[in-house]
Amino acid sequence: MKLCLILGDQLSPTLSSLTGLDPQNDILLMCEVRSEATYVKHHKKKIAFVFSAMRHFAKKLSGEGYNIRYIKYDDPNNTGSLIGEVARIISQNAITAVVLTAPGEHRLKTEIEGWPATLNLPVTIKEDDRFLSTPAEFATWAEGRRQLRMEYFYREMRRKYSVLMDQNGPIGGQWNYDAENRKPPGSGLDVPDTFRVQPDEITQEVLALVETHFPDHFGDLLPFHFAVTRDQAVAALDQFIAKRLNLFGDYQDAMIQNEPWMYHSHIGFYLNCGLLTPLECIERAEAAYHQGMAPLNAVEGFIRQILGWREYVRGIYWLKMPDYKSANFLEAKRPLPDFYWTADTQMNCMRQCITETKQNAYAHHIQRLMVLGNFALIAGLDPDEVNNWYLLVYADAYEWVELPNVTGMVLFADGGQLASKPYVASGAYINKMSNYCRACKYKVSVKNGPNACPFNYLYWDFIGRNDGKLRGNPRMGFMYKSLDRMSAEKRQEIQDDSHRFFTAIDANEKV
Ligand SMILES: Cc1cc2nc3c(=O)[nH]c(=O)nc-3n(C[C@H](O)[C@H](O)[C@H](O)COP(=O)(O)OP(=O)(O)OC[C@H]3O[C@@H](n4cnc5c(N)ncnc54)[C@H](O)[C@@H]3O)c2cc1C
Ligand code: SF4
(Lines give C-alpha, C1' and ligand atoms only; values in the text may rest on other atoms or scores of the structure.)
(Ligands and ions follow the chains in the order given, each with its own letter.)
Protein backbone atom coordinates (compact mmCIF):
# COMPACT_ATOMS: atom_id res chain seq x y z
CA MET A 1 0.00 0.00 0.00
CA LYS A 2 1.37 3.41 -1.02
CA LEU A 3 0.95 6.72 0.75
CA CYS A 4 0.61 9.72 -1.56
CA LEU A 5 1.12 13.10 0.08
CA ILE A 6 -0.53 16.06 -1.67
CA LEU A 7 0.77 19.51 -0.69
CA GLY A 8 -1.32 22.67 -0.47
CA ASP A 9 -0.04 24.03 -3.79
CA GLN A 10 -0.67 20.75 -5.63
CA LEU A 11 -4.43 20.97 -6.13
CA SER A 12 -4.47 19.70 -9.72
CA PRO A 13 -6.39 16.66 -10.95
CA THR A 14 -3.52 15.97 -13.38
CA LEU A 15 -0.90 15.87 -10.61
CA SER A 16 1.97 13.49 -11.41
CA SER A 17 1.81 11.76 -8.00
CA LEU A 18 -1.79 10.67 -8.68
CA THR A 19 -0.86 8.62 -11.73
CA GLY A 20 -0.29 4.93 -11.04
CA LEU A 21 -2.15 4.98 -7.71
CA ASP A 22 -4.72 2.40 -6.79
CA PRO A 23 -7.55 4.74 -5.68
CA GLN A 24 -9.27 2.22 -3.41
CA ASN A 25 -6.23 0.86 -1.61
CA ASP A 26 -3.53 3.48 -1.64
CA ILE A 27 -3.95 6.36 0.80
CA LEU A 28 -3.98 10.02 -0.19
CA LEU A 29 -2.93 12.36 2.61
CA MET A 30 -3.63 16.08 2.78
CA CYS A 31 -2.96 18.05 5.93
CA GLU A 32 -3.21 21.59 7.24
CA VAL A 33 -0.09 21.83 9.39
CA ARG A 34 1.23 24.54 11.63
CA SER A 35 4.80 24.36 10.28
CA GLU A 36 3.65 25.28 6.74
CA ALA A 37 1.09 27.88 7.82
CA THR A 38 3.52 29.76 10.05
CA TYR A 39 7.12 29.41 8.73
CA VAL A 40 6.35 32.94 7.68
CA LYS A 41 3.25 34.56 9.16
CA HIS A 42 1.21 34.47 5.95
CA HIS A 43 -1.58 36.96 5.25
CA LYS A 44 -4.84 35.71 6.78
CA LYS A 45 -6.52 35.65 3.35
CA LYS A 46 -3.77 33.43 1.96
CA ILE A 47 -4.18 30.84 4.72
CA ALA A 48 -7.95 30.88 4.31
CA PHE A 49 -7.63 30.56 0.53
CA VAL A 50 -5.20 27.62 0.64
CA PHE A 51 -7.05 25.71 3.37
CA SER A 52 -10.43 26.20 1.69
CA ALA A 53 -9.07 25.20 -1.74
CA MET A 54 -7.44 22.11 -0.16
CA ARG A 55 -10.70 21.08 1.52
CA HIS A 56 -12.64 21.48 -1.72
CA PHE A 57 -10.03 19.50 -3.64
CA ALA A 58 -10.06 16.69 -1.06
CA LYS A 59 -13.85 16.54 -1.26
CA LYS A 60 -13.67 16.24 -5.03
CA LEU A 61 -11.08 13.44 -4.91
CA SER A 62 -13.07 11.62 -2.28
CA GLY A 63 -16.15 11.85 -4.54
CA GLU A 64 -14.08 10.23 -7.27
CA GLY A 65 -13.43 7.22 -5.04
CA TYR A 66 -9.97 8.05 -3.67
CA ASN A 67 -9.13 6.80 -0.20
CA ILE A 68 -8.34 10.18 1.31
CA ARG A 69 -7.21 11.20 4.80
CA TYR A 70 -7.67 14.89 5.40
CA ILE A 71 -6.18 16.35 8.58
CA LYS A 72 -7.73 19.66 9.60
CA TYR A 73 -5.68 22.32 11.37
CA ASP A 74 -7.66 22.03 14.60
CA ASP A 75 -7.73 18.21 14.68
CA PRO A 76 -6.54 17.44 18.22
CA ASN A 77 -4.24 14.70 16.88
CA ASN A 78 -2.61 16.97 14.30
CA THR A 79 1.14 16.91 15.00
CA GLY A 80 1.68 20.23 13.24
CA SER A 81 4.25 19.07 10.69
CA LEU A 82 4.20 17.17 7.40
CA ILE A 83 6.65 14.54 8.57
CA GLY A 84 4.62 14.09 11.78
CA GLU A 85 1.45 13.44 9.79
CA VAL A 86 3.16 11.13 7.29
CA ALA A 87 4.70 9.14 10.16
CA ARG A 88 1.31 8.93 11.90
CA ILE A 89 -0.36 7.38 8.81
CA ILE A 90 2.56 4.97 8.39
CA SER A 91 2.29 3.85 12.00
CA GLN A 92 -1.40 2.99 11.52
CA ASN A 93 -1.24 1.31 8.07
CA ALA A 94 0.85 -1.19 6.15
CA ILE A 95 2.53 1.47 4.00
CA THR A 96 5.37 0.20 1.81
CA ALA A 97 6.28 3.40 -0.03
CA VAL A 98 5.63 7.14 -0.03
CA VAL A 99 5.08 9.08 -3.24
CA LEU A 100 4.65 12.77 -3.93
CA THR A 101 5.08 15.40 -6.62
CA ALA A 102 8.20 17.53 -6.15
CA PRO A 103 7.58 20.39 -3.73
CA GLY A 104 7.91 23.94 -5.08
CA GLU A 105 10.31 25.16 -2.41
CA HIS A 106 13.94 24.30 -1.80
CA ARG A 107 13.38 24.27 1.98
CA LEU A 108 10.78 21.51 1.70
CA LYS A 109 12.65 19.56 -0.98
CA THR A 110 15.70 19.34 1.28
CA GLU A 111 13.53 18.24 4.18
CA ILE A 112 11.76 15.54 2.12
CA GLU A 113 15.02 14.21 0.72
CA GLY A 114 15.82 13.21 4.31
CA TRP A 115 12.57 11.26 4.75
CA PRO A 116 13.73 7.84 3.45
CA ALA A 117 16.24 7.72 6.29
CA THR A 118 13.77 9.02 8.88
CA LEU A 119 10.88 6.79 7.78
CA ASN A 120 12.92 3.82 6.70
CA LEU A 121 10.78 3.59 3.56
CA PRO A 122 11.34 4.47 -0.10
CA VAL A 123 10.11 7.97 -0.97
CA THR A 124 9.52 8.72 -4.67
CA ILE A 125 9.55 12.38 -5.70
CA LYS A 126 7.95 12.81 -9.14
CA GLU A 127 8.57 15.72 -11.52
CA ASP A 128 6.04 18.55 -11.25
CA ASP A 129 4.89 18.45 -14.86
CA ARG A 130 2.35 21.23 -14.41
CA PHE A 131 5.17 23.62 -15.36
CA LEU A 132 6.13 24.08 -19.00
CA SER A 133 9.85 23.54 -18.49
CA THR A 134 11.78 21.47 -15.97
CA PRO A 135 14.66 22.72 -13.80
CA ALA A 136 16.93 20.37 -15.78
CA GLU A 137 15.84 21.86 -19.13
CA PHE A 138 16.41 25.35 -17.80
CA ALA A 139 19.88 24.40 -16.55
CA THR A 140 20.72 23.07 -20.04
CA TRP A 141 19.49 26.30 -21.62
CA ALA A 142 21.51 28.35 -19.12
CA GLU A 143 24.73 26.42 -19.54
CA GLY A 144 27.52 28.42 -21.10
CA ARG A 145 25.43 31.62 -21.41
CA ARG A 146 27.05 34.74 -20.05
CA GLN A 147 23.69 36.36 -19.38
CA LEU A 148 20.40 34.61 -18.67
CA ARG A 149 17.97 37.00 -20.31
CA MET A 150 14.27 36.17 -20.07
CA GLU A 151 13.59 37.35 -23.62
CA TYR A 152 15.69 34.58 -25.24
CA PHE A 153 14.29 31.89 -22.97
CA TYR A 154 10.78 33.11 -23.80
CA ARG A 155 11.39 32.84 -27.55
CA GLU A 156 12.48 29.25 -27.13
CA MET A 157 9.33 28.52 -25.13
CA ARG A 158 7.18 30.12 -27.84
CA ARG A 159 8.80 27.80 -30.39
CA LYS A 160 8.61 24.75 -28.11
CA TYR A 161 4.87 25.14 -27.51
CA SER A 162 4.14 26.76 -30.87
CA VAL A 163 2.40 29.70 -29.25
CA LEU A 164 1.55 32.80 -31.33
CA MET A 165 3.67 31.46 -34.18
CA ASP A 166 3.14 31.22 -37.90
CA GLN A 167 5.36 29.41 -40.35
CA ASN A 168 7.81 32.29 -40.64
CA GLY A 169 8.21 33.15 -37.00
CA PRO A 170 6.26 35.09 -34.39
CA ILE A 171 2.79 36.20 -35.42
CA GLY A 172 2.87 39.86 -36.37
CA GLY A 173 6.61 39.75 -37.05
CA GLN A 174 7.75 40.70 -33.54
CA TRP A 175 8.38 38.58 -30.46
CA ASN A 176 7.57 41.30 -27.96
CA TYR A 177 5.08 44.19 -28.04
CA ASP A 178 6.07 45.77 -24.74
CA ALA A 179 6.74 49.15 -26.33
CA GLU A 180 2.95 49.42 -26.90
CA ASN A 181 2.18 48.42 -23.33
CA ARG A 182 3.17 51.46 -21.32
CA LYS A 183 0.14 53.70 -21.50
CA PRO A 184 -0.46 55.96 -18.51
CA PRO A 185 -3.91 55.62 -16.93
CA GLY A 186 -6.42 57.49 -19.06
CA SER A 187 -9.12 59.49 -17.35
CA GLY A 188 -12.61 57.97 -17.32
CA LEU A 189 -11.45 54.34 -17.52
CA ASP A 190 -14.25 52.02 -16.48
CA VAL A 191 -12.20 49.23 -14.85
CA PRO A 192 -14.24 46.01 -14.43
CA ASP A 193 -14.40 44.54 -10.93
CA THR A 194 -12.44 41.40 -10.13
CA PHE A 195 -14.13 38.00 -10.14
CA ARG A 196 -15.85 37.33 -6.80
CA VAL A 197 -17.24 34.16 -5.23
CA GLN A 198 -19.60 34.09 -2.26
CA PRO A 199 -17.99 31.95 0.50
CA ASP A 200 -19.76 28.59 0.86
CA GLU A 201 -20.05 26.49 4.04
CA ILE A 202 -16.54 25.04 3.73
CA THR A 203 -15.00 28.47 3.26
CA GLN A 204 -17.05 29.90 6.16
CA GLU A 205 -15.67 27.19 8.43
CA VAL A 206 -12.11 27.96 7.32
CA LEU A 207 -12.62 31.70 7.81
CA ALA A 208 -13.69 31.08 11.41
CA LEU A 209 -10.65 28.83 11.92
CA VAL A 210 -8.25 31.47 10.59
CA GLU A 211 -9.79 34.15 12.78
CA THR A 212 -9.34 31.92 15.84
CA HIS A 213 -5.87 30.53 15.17
CA PHE A 214 -4.09 33.31 13.28
CA PRO A 215 -5.40 36.54 14.83
CA ASP A 216 -1.98 38.22 14.85
CA HIS A 217 -1.20 37.53 11.18
CA PHE A 218 -1.04 40.44 8.73
CA GLY A 219 -3.99 41.50 6.60
CA ASP A 220 -7.75 41.70 6.42
CA LEU A 221 -9.54 38.36 6.35
CA LEU A 222 -12.83 39.83 5.12
CA PRO A 223 -14.28 40.36 2.63
CA PHE A 224 -13.17 37.01 1.21
CA HIS A 225 -14.08 36.40 -2.41
CA PHE A 226 -11.39 34.20 -3.97
CA ALA A 227 -12.27 31.19 -6.09
CA VAL A 228 -11.59 27.98 -4.15
CA THR A 229 -12.42 25.27 -6.69
CA ARG A 230 -11.11 24.56 -10.16
CA ASP A 231 -14.49 25.37 -11.75
CA GLN A 232 -14.55 28.75 -10.03
CA ALA A 233 -10.94 29.46 -11.02
CA VAL A 234 -11.78 28.63 -14.65
CA ALA A 235 -14.71 31.06 -14.38
CA ALA A 236 -12.28 33.72 -13.07
CA LEU A 237 -10.02 33.10 -16.06
CA ASP A 238 -12.99 33.32 -18.44
CA GLN A 239 -14.05 36.61 -16.87
CA PHE A 240 -10.56 38.04 -17.40
CA ILE A 241 -10.47 36.92 -21.04
CA ALA A 242 -13.91 38.39 -21.72
CA LYS A 243 -13.63 41.66 -19.78
CA ARG A 244 -10.03 42.72 -19.22
CA LEU A 245 -7.61 41.00 -21.59
CA ASN A 246 -8.30 43.48 -24.40
CA LEU A 247 -6.82 46.32 -22.32
CA PHE A 248 -4.29 44.23 -20.34
CA GLY A 249 -1.44 45.37 -22.57
CA ASP A 250 -2.31 49.05 -22.78
CA TYR A 251 -2.67 49.52 -19.01
CA GLN A 252 -0.30 46.83 -17.76
CA ASP A 253 1.91 49.41 -16.03
CA ALA A 254 -0.81 51.87 -15.02
CA MET A 255 -1.95 52.57 -11.45
CA ILE A 256 -5.06 54.43 -10.33
CA GLN A 257 -5.98 55.54 -6.82
CA ASN A 258 -8.42 53.01 -5.29
CA GLU A 259 -8.34 50.69 -8.34
CA PRO A 260 -6.34 47.73 -7.03
CA TRP A 261 -7.28 45.25 -9.77
CA MET A 262 -6.87 47.26 -12.99
CA TYR A 263 -6.76 45.13 -16.17
CA HIS A 264 -4.66 42.34 -14.68
CA SER A 265 -5.87 38.75 -14.58
CA HIS A 266 -5.77 37.99 -10.81
CA ILE A 267 -5.08 34.34 -11.52
CA GLY A 268 -1.65 34.02 -9.89
CA PHE A 269 -3.29 32.58 -6.75
CA TYR A 270 -5.00 29.89 -8.81
CA LEU A 271 -2.05 29.05 -11.02
CA ASN A 272 0.37 28.74 -8.12
CA CYS A 273 -1.75 26.31 -6.11
CA GLY A 274 -2.72 24.25 -9.16
CA LEU A 275 -6.37 25.16 -9.70
CA LEU A 276 -5.40 26.40 -13.17
CA THR A 277 -2.64 25.18 -15.46
CA PRO A 278 -0.36 27.60 -17.29
CA LEU A 279 -1.03 26.01 -20.67
CA GLU A 280 -4.80 26.41 -20.46
CA CYS A 281 -4.40 30.12 -19.61
CA ILE A 282 -2.07 30.59 -22.57
CA GLU A 283 -4.35 28.65 -24.93
CA ARG A 284 -7.42 30.62 -23.90
CA ALA A 285 -5.63 33.92 -24.44
CA GLU A 286 -4.32 32.81 -27.83
CA ALA A 287 -7.80 31.67 -28.86
CA ALA A 288 -9.17 35.08 -27.83
CA TYR A 289 -6.66 36.71 -30.20
CA HIS A 290 -7.66 34.48 -33.08
CA GLN A 291 -11.34 35.18 -32.38
CA GLY A 292 -10.68 38.94 -32.53
CA MET A 293 -11.53 39.47 -28.85
CA ALA A 294 -8.19 41.06 -27.93
CA PRO A 295 -5.30 42.72 -29.80
CA LEU A 296 -1.87 41.16 -30.24
CA ASN A 297 -0.06 43.53 -27.84
CA ALA A 298 -2.41 42.46 -25.03
CA VAL A 299 -2.35 38.75 -25.78
CA GLU A 300 1.40 38.55 -26.37
CA GLY A 301 2.03 40.60 -23.20
CA PHE A 302 -0.15 38.31 -21.10
CA ILE A 303 1.28 35.11 -22.59
CA ARG A 304 4.85 36.39 -22.03
CA GLN A 305 4.13 36.73 -18.30
CA ILE A 306 3.15 33.07 -18.04
CA LEU A 307 5.18 31.30 -20.71
CA GLY A 308 8.17 33.60 -20.22
CA TRP A 309 8.49 35.21 -16.81
CA ARG A 310 6.80 32.58 -14.69
CA GLU A 311 8.82 29.70 -16.12
CA TYR A 312 12.01 31.75 -16.22
CA VAL A 313 11.94 32.82 -12.55
CA ARG A 314 11.29 29.21 -11.55
CA GLY A 315 14.28 28.13 -13.63
CA ILE A 316 16.47 30.78 -11.97
CA TYR A 317 15.25 29.69 -8.53
CA TRP A 318 16.21 26.05 -8.94
CA LEU A 319 19.42 26.91 -10.75
CA LYS A 320 20.67 29.32 -8.09
CA MET A 321 19.36 27.95 -4.82
CA PRO A 322 20.36 27.75 -2.01
CA ASP A 323 22.94 30.57 -2.40
CA TYR A 324 20.37 32.87 -4.02
CA LYS A 325 18.54 33.23 -0.72
CA SER A 326 21.45 34.97 0.99
CA ALA A 327 22.48 37.20 -1.93
CA ASN A 328 23.06 40.84 -0.97
CA PHE A 329 25.21 42.35 -3.72
CA LEU A 330 24.50 45.95 -2.67
CA GLU A 331 25.09 45.13 1.02
CA ALA A 332 21.77 46.70 1.96
CA LYS A 333 21.10 46.62 5.70
CA ARG A 334 18.29 48.97 6.67
CA PRO A 335 15.44 47.28 8.58
CA LEU A 336 12.01 47.27 6.95
CA PRO A 337 10.19 50.41 8.10
CA ASP A 338 7.05 49.88 10.15
CA PHE A 339 4.84 51.48 7.55
CA TYR A 340 5.18 48.38 5.34
CA TRP A 341 2.90 46.77 7.94
CA THR A 342 0.70 49.70 8.92
CA ALA A 343 0.50 51.81 5.73
CA ASP A 344 0.98 54.78 8.06
CA THR A 345 3.01 57.00 5.75
CA GLN A 346 2.46 60.31 4.01
CA MET A 347 3.85 58.95 0.74
CA ASN A 348 0.51 58.37 -0.96
CA CYS A 349 1.82 55.81 -3.47
CA MET A 350 3.21 53.64 -0.67
CA ARG A 351 0.10 54.13 1.46
CA GLN A 352 -2.15 53.07 -1.43
CA CYS A 353 -0.16 49.98 -2.39
CA ILE A 354 0.31 48.79 1.21
CA THR A 355 -3.35 49.41 2.11
CA GLU A 356 -4.49 47.46 -0.95
CA THR A 357 -2.04 44.67 -0.14
CA LYS A 358 -3.43 44.51 3.38
CA GLN A 359 -7.04 44.45 2.14
CA ASN A 360 -6.66 42.06 -0.78
CA ALA A 361 -3.45 40.01 -0.32
CA TYR A 362 -2.86 41.32 -3.85
CA ALA A 363 -1.10 44.17 -5.60
CA HIS A 364 -0.40 44.16 -9.29
CA HIS A 365 3.05 43.87 -10.80
CA ILE A 366 3.91 47.55 -11.16
CA GLN A 367 2.77 48.33 -7.63
CA ARG A 368 5.05 45.50 -6.38
CA LEU A 369 7.95 46.49 -8.62
CA MET A 370 7.95 50.24 -9.15
CA VAL A 371 6.40 51.51 -5.92
CA LEU A 372 6.95 49.07 -3.05
CA GLY A 373 10.04 47.46 -4.57
CA ASN A 374 11.53 50.66 -5.92
CA PHE A 375 11.32 52.20 -2.44
CA ALA A 376 12.92 49.10 -0.86
CA LEU A 377 15.77 49.35 -3.38
CA ILE A 378 16.51 53.07 -3.10
CA ALA A 379 16.14 53.04 0.68
CA GLY A 380 18.64 50.16 0.92
CA LEU A 381 16.34 47.78 2.79
CA ASP A 382 17.72 44.45 3.99
CA PRO A 383 16.92 41.73 1.38
CA ASP A 384 15.99 39.16 4.04
CA GLU A 385 13.40 41.48 5.56
CA VAL A 386 12.05 42.51 2.16
CA ASN A 387 11.78 38.88 0.99
CA ASN A 388 10.02 37.94 4.21
CA TRP A 389 7.51 40.72 3.66
CA TYR A 390 6.72 39.78 0.03
CA LEU A 391 6.45 36.08 0.88
CA LEU A 392 4.05 36.83 3.66
CA VAL A 393 1.69 39.46 2.25
CA TYR A 394 0.55 38.07 -1.13
CA ALA A 395 -1.86 35.19 -1.63
CA ASP A 396 0.08 34.07 -4.72
CA ALA A 397 3.46 34.08 -2.92
CA TYR A 398 5.61 30.94 -2.91
CA GLU A 399 9.35 31.17 -2.55
CA TRP A 400 10.16 29.81 -6.04
CA VAL A 401 8.45 32.82 -7.63
CA GLU A 402 8.75 35.44 -4.89
CA LEU A 403 12.51 35.17 -4.27
CA PRO A 404 13.79 35.77 -7.83
CA ASN A 405 11.34 38.64 -8.24
CA VAL A 406 12.50 40.31 -5.03
CA THR A 407 16.18 39.42 -4.82
CA GLY A 408 16.77 39.58 -8.58
CA MET A 409 14.26 41.95 -10.13
CA VAL A 410 13.55 44.40 -7.31
CA LEU A 411 16.67 44.58 -5.16
CA PHE A 412 19.42 43.71 -7.66
CA ALA A 413 20.77 41.70 -4.72
CA ASP A 414 22.01 38.98 -7.10
CA GLY A 415 24.32 41.49 -8.80
CA GLY A 416 22.50 41.28 -12.14
CA GLN A 417 21.94 37.60 -12.73
CA LEU A 418 18.27 38.24 -13.47
CA ALA A 419 18.03 41.93 -14.42
CA SER A 420 20.65 43.73 -16.49
CA LYS A 421 20.31 46.84 -14.32
CA PRO A 422 18.40 47.89 -11.20
CA TYR A 423 14.73 48.82 -11.78
CA VAL A 424 15.12 52.21 -10.16
CA ALA A 425 12.99 55.29 -10.69
CA SER A 426 12.31 58.71 -9.22
CA GLY A 427 8.87 60.17 -8.47
CA ALA A 428 8.49 61.22 -12.12
CA TYR A 429 7.88 57.61 -13.18
CA ILE A 430 5.22 57.07 -10.50
CA ASN A 431 3.61 60.36 -11.47
CA LYS A 432 3.56 59.38 -15.15
CA MET A 433 2.08 55.92 -14.58
CA SER A 434 -0.42 56.76 -11.81
CA ASN A 435 -2.58 59.50 -10.34
CA TYR A 436 -1.18 58.87 -6.84
CA CYS A 437 0.86 62.09 -6.68
CA ARG A 438 -2.22 64.30 -6.88
CA ALA A 439 -3.32 63.11 -3.42
CA CYS A 440 0.12 63.20 -1.83
CA LYS A 441 1.48 65.50 0.85
CA TYR A 442 4.80 65.58 -1.00
CA LYS A 443 5.34 67.43 -4.27
CA VAL A 444 6.57 65.22 -7.06
CA SER A 445 7.94 68.19 -8.99
CA VAL A 446 10.06 69.32 -6.02
CA LYS A 447 13.48 67.70 -5.89
CA ASN A 448 14.83 68.76 -2.51
CA GLY A 449 13.68 70.00 0.88
CA PRO A 450 11.02 68.77 3.30
CA ASN A 451 8.18 68.98 0.74
CA ALA A 452 10.07 67.16 -1.99
CA CYS A 453 8.97 63.69 -3.09
CA PRO A 454 11.30 61.32 -1.20
CA PHE A 455 11.66 59.14 -4.30
CA ASN A 456 13.43 62.09 -6.00
CA TYR A 457 16.36 62.53 -3.63
CA LEU A 458 16.53 58.87 -2.54
CA TYR A 459 16.94 57.90 -6.20
CA TRP A 460 20.10 60.01 -6.54
CA ASP A 461 21.30 59.04 -3.10
CA PHE A 462 21.02 55.39 -4.18
CA ILE A 463 23.03 56.06 -7.35
CA GLY A 464 25.73 57.88 -5.35
CA ARG A 465 25.74 55.37 -2.48
CA ASN A 466 26.30 52.45 -4.85
CA ASP A 467 28.85 54.12 -7.11
CA GLY A 468 31.46 51.44 -6.42
CA LYS A 469 29.09 48.63 -7.36
CA LEU A 470 27.09 50.08 -10.25
CA ARG A 471 29.22 52.61 -12.16
CA GLY A 472 30.74 49.84 -14.27
CA ASN A 473 27.31 48.62 -15.43
CA PRO A 474 27.01 49.74 -19.09
CA ARG A 475 23.25 50.36 -18.70
CA MET A 476 23.88 52.76 -15.79
CA GLY A 477 26.31 54.97 -17.70
CA PHE A 478 23.90 57.83 -18.38
CA MET A 479 22.87 58.00 -14.72
CA TYR A 480 26.47 58.35 -13.57
CA LYS A 481 27.08 60.98 -16.25
CA SER A 482 24.16 62.97 -14.85
CA LEU A 483 25.43 62.51 -11.31
CA ASP A 484 28.89 63.66 -12.34
CA ARG A 485 27.41 66.81 -13.85
CA MET A 486 25.66 67.78 -10.61
CA SER A 487 27.06 70.66 -8.58
CA ALA A 488 28.58 69.97 -5.16
CA GLU A 489 25.70 71.97 -3.57
CA LYS A 490 23.09 69.84 -5.30
CA ARG A 491 24.79 66.65 -4.18
CA GLN A 492 24.98 67.96 -0.64
CA GLU A 493 21.24 68.73 -0.68
CA ILE A 494 20.51 65.16 -1.80
CA GLN A 495 22.65 63.77 0.98
CA ASP A 496 21.10 66.05 3.61
CA ASP A 497 17.53 65.22 2.56
CA SER A 498 18.27 61.52 2.48
CA HIS A 499 19.97 61.67 5.86
CA ARG A 500 16.97 63.50 7.36
CA PHE A 501 14.58 60.97 5.82
CA PHE A 502 16.56 57.93 6.99
CA THR A 503 16.95 59.35 10.49
CA ALA A 504 13.16 59.76 10.63
CA ILE A 505 12.36 56.20 9.49
CA ASP A 506 15.04 54.71 11.71
CA ALA A 507 13.40 56.53 14.65
CA ASN A 508 10.02 55.20 13.51
CA GLU A 509 8.70 58.71 12.87
CA LYS A 510 5.96 59.19 10.32
CA VAL A 511 7.40 60.06 6.90
C1 LIG B 1 8.63 42.16 -5.93
C2 LIG B 1 7.74 41.21 -6.65
C3 LIG B 1 7.26 40.10 -5.99
C4 LIG B 1 6.47 39.18 -6.67
N5 LIG B 1 6.04 38.09 -6.01
C6 LIG B 1 5.28 37.17 -6.66
C7 LIG B 1 4.81 36.02 -5.98
O8 LIG B 1 5.09 35.81 -4.82
N9 LIG B 1 4.03 35.14 -6.68
C10 LIG B 1 3.72 35.36 -7.99
O11 LIG B 1 3.02 34.53 -8.59
N12 LIG B 1 4.17 36.43 -8.64
C13 LIG B 1 4.93 37.35 -8.01
N14 LIG B 1 5.36 38.45 -8.69
C15 LIG B 1 5.07 38.59 -10.12
C16 LIG B 1 3.76 39.36 -10.43
O17 LIG B 1 3.78 40.61 -9.82
C18 LIG B 1 2.53 38.57 -10.01
O19 LIG B 1 2.59 37.29 -10.60
C20 LIG B 1 1.27 39.24 -10.48
O21 LIG B 1 1.19 40.54 -9.96
C22 LIG B 1 0.06 38.43 -10.07
O23 LIG B 1 -1.11 39.09 -10.42
P24 LIG B 1 -1.98 38.66 -11.67
O25 LIG B 1 -2.35 37.24 -11.55
O26 LIG B 1 -3.07 39.66 -11.80
O27 LIG B 1 -0.92 38.79 -12.84
P28 LIG B 1 -0.98 39.33 -14.33
O29 LIG B 1 -0.31 40.65 -14.38
O30 LIG B 1 -2.32 39.26 -14.89
O31 LIG B 1 -0.02 38.29 -15.07
C32 LIG B 1 -0.49 36.97 -15.42
C33 LIG B 1 0.35 35.91 -14.76
O34 LIG B 1 1.68 35.97 -15.24
C35 LIG B 1 2.57 35.48 -14.25
N36 LIG B 1 3.58 36.52 -13.99
C37 LIG B 1 3.53 37.83 -14.28
N38 LIG B 1 4.68 38.44 -13.94
C39 LIG B 1 5.46 37.51 -13.38
C40 LIG B 1 6.74 37.52 -12.80
N41 LIG B 1 7.48 38.64 -12.73
N42 LIG B 1 7.21 36.39 -12.28
C43 LIG B 1 6.50 35.25 -12.33
N44 LIG B 1 5.27 35.16 -12.86
C45 LIG B 1 4.76 36.28 -13.39
C46 LIG B 1 1.74 35.21 -13.01
O47 LIG B 1 1.48 33.85 -12.93
C48 LIG B 1 0.48 36.01 -13.25
O49 LIG B 1 -0.64 35.46 -12.58
C50 LIG B 1 6.15 39.39 -8.03
C51 LIG B 1 6.64 40.52 -8.67
C52 LIG B 1 7.43 41.42 -7.99
C53 LIG B 1 7.96 42.61 -8.72
S1 SF4 C 1 4.82 62.59 -4.72
FE2 SF4 C 1 6.33 61.00 -4.45
S3 SF4 C 1 5.75 60.00 -2.54
FE4 SF4 C 1 3.99 61.18 -3.22
S5 SF4 C 1 2.74 59.76 -4.42
FE6 SF4 C 1 4.09 60.82 -5.86
S7 SF4 C 1 5.86 59.50 -6.04
FE8 SF4 C 1 4.77 58.84 -4.20
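Student: Which helix do the buried residues of α8 pack against?

Tutor: They pack against α2 (44–63), where contact means heavy atoms within 4.5 Å. Helices here are DSSP runs of H or I with at least four residues, strands are E runs of at least two, and both are numbered from the N terminus. This is a predicted model, where local features need pLDDT of at least 70, side-chain atom pairs count only at pLDDT 80 or more, and totals for chains, interfaces and linings use all residues. Residues are numbered from 1 along each chain as its sequence is written, chains are lettered from A and ligands numbered from 1 in the order in which they are written, and side-chain values use heavy atoms, with hydrogens and water left out.

Student: Which residues of α8 are buried?

Tutor: Buried means under 20% relative accessible area, exposed over 50%, and partly exposed in between, with a 1.4 Å probe and protein chains only. In α8, I202, T203, V206, L207, L209 and V210 are buried. Seen down the axis of α8, these buried residues fall within an arc of 165°, so they line one face of the helix; the arc is that of the directions from the helix axis to the C-beta atoms. E201 and T212, on the other side of α8, are exposed.

Student: What is found at the start of α8?

Tutor: Look for a polar contact, a pair of N or O atoms within 3.5 Å; within protein, one must be able to donate a hydrogen and the other to accept it, and residues adjacent in sequence count only if both atoms are side-chain atoms. Here a side-chain oxygen of D200 comes to within 3.2 Å of the backbone nitrogen of I202.

Student: Which side chains make polar contacts with ligand 1?

Tutor: Among them are S265, with a side-chain N or O atom 2.6 Å from an oxygen atom of the ligand, and H365, at 2.9 Å from an oxygen atom of the ligand. N405 places a polar side-chain atom 2.9 Å from a nitrogen atom of ligand 1.

Student: Is L164 buried or exposed?

Tutor: L164 is buried, at 1% relative accessible area. This residue has a positive phi of about 50° although it is not a glycine, and L164 sits in the loop between α7 (150–161) and β6 (165–166).
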